[in-house]
Amino acid sequence: MYPKKLLKTISMLCCLFIFTIIPMGFRILPVHAEILIDGVIDAGEYNQSISLQNGNYQLFWRYEEDKVVIGMKAKTLGWVSIGISPKGKNQMDQADMIIGWVESNGETKIHDAFSKGPMGPHPQDDTLGGTNDVTVFTGMELDGYTIIEFQRLLDTKDAYDLPFPSSGSLKYIAAYGSKDEYTSMHAFRVSGDAAIAKKAHSEIDAKAAKELYDKTPSLLIFDVSNAWKIGHLPGAINIEMNDVAQNLPKFNKERPILVYCRGEAPAIFVADLLMQNDFTDVYRLLGGFEAWVKAGYPSETYKEKTNIRFQIGKETYWVDDIAKTMDTKPIILEGRTMLPIRFLAESLGARLNWIPATQEIYIYLQLLEIKMKVGYSQAVVNGKTVYIDSNNPKVKPVIIPPGRTFLPLRFVAENLNCKVDWNSGKQEVTVTYLN
Ligand code: HEM
């Protein structure tokens, strides 16, 4: 018997060979870095599984965007199969079946088949006018087991396939035979309904996390460590691992969330907790804060307060008494101070998303979010529609020629939990943000 590692390498080389000689037009679907369709089922490779007949038949699967990668492992050197059954009774009837085996020369065969009746026959889909939808696969026989791994679209749209469910439960039929010829009867067959575990969170390295951060102003960042004060990702919220559950209603499920810690375990716990509670876009930074800093990306330390001053008609403004210059000047319109909000938002660490097509602006500061639209006197603050100035509907975001968007400063600042003071003598607005 060859050692497992050697067999794995040989199998991978074979895959490489097969893939390189595959004719043009034959599309190889991309495979997740962690998941290898190599005939070996490694620990952690799949995140869904069922074990039947004391482990003599095991089914593994993992969702990969619009695809599913499936691993079948059965105690046989014959055929192994998984089917999706539309029936509660006579489950073979009209079932979508995938049957694979490893021939004596080591070659893996797989059939995308369809059962025409309660006892078969189950010809291949493409002989019935359908399509062969399992084109990426590898198999291996090892220690008396046959392992077949393959990839398929969740919904192939083929009349002879059934969609592979991504939530709820999987109504499966499973079987294996003692010979490669699968016209031979099953040695084991079973049917069942397997609960589909909620999707796992995505693990990303520091580089991917930075890309996500850069392109996603709405990203919520949870630092679940107790060292947030001494260093954290820009805009990260400090939340204790044990406080996350009770605060779930405060988090907007539509916003992607990046979770990290100083160690891995608390971040895994929180990311999984979010996924179990129907958050869909949850990422975990591998290596936590250290990996981020090591990659040279910016971080912040705790600051008790931020103080920003703007003067009407002046390009200079002050952030914590440090003078800065903007390329425009705050103005007064309808009795309200207006300015391009970037100068306030960025000083507070808020993120902006301007959508030119709809002239909408989104402002995010930790859990707070404000949506405004040019020409509209109403805004949406954390999901609630409110008037920007309930006494004056003329107060609204405006575009000032040649094309700068000016926003009412007090409304934005107050909704970002800042205190706003107006000094009419100096024509100066002071915005104070307490952390
Ligand atoms: C290899 C050719 C196959 C033949 C000749 C065959 C034949 C049969 C026959 C005669 C039955 C009814 C008797 C019984 O309950 O054992 C049956 C039932 C069953 N077969 Fe197959 N079968 C084949 C392949 C498969 C495959 C590939 C699967 C799974 C993907 C499968 C899953 C089942 C299941 C779950 C039942 C029980 C159905 C029920 O209780 O309603 N069979 N098969």
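Two strands count as paired if DSSP finds at least two bridges between them; strands are DSSP runs (E, at least two residues), numbered from the N terminus. This is a predicted model, in which local features need pLDDT of at least 70, side-chain atom pairs count only at pLDDT 80 or more, and totals for chains, interfaces and linings use all residues. Residues are numbered from 1 along each chain as its sequence is written.

**View A. The open sheet of 5 strands, with β16 and β29.** Strand β16 (residues 305–311) and strand β29 (residues 428–434) run antiparallel and are joined by 7 bridges. Q311 lies opposite E428 of β29. The sheet has the order β18-β17-β16-β29-β28, with antiparallel pairing. From one strand to the next, the twist averages 20 degrees (axes are lines fitted to C-alpha atoms, and angles run from 0 to 180 degrees between N-to-C directions).

**View B. The open sheet of 4 strands.** Antiparallel pairing gives the order β19-β20-β27-β26. Because β19 (331–333) and β26 (398–400) each have a single partner strand, one side of each is left without a neighbour in the sheet. Neighbouring strands are turned by 45 degrees against each other on average, direction ignored. Between β20 (residues 336–339) and β27 (residues 404–408) there are 2 bridges, in the antiparallel sense. M338 has P408 of β27 as its bridge partner.

**View C. The shell around the ligand.** The ligand is surrounded by 23 residues, the closest being S81, G83, M119, I173 and A175 (a residue is near a molecule if its C-beta atom, placed from the backbone, lies within 6 Å of it). Strands β4 (80–84), β5 (96–102), β9 (169–176) and β10 (188–195) each supply at least two residues of this shell.
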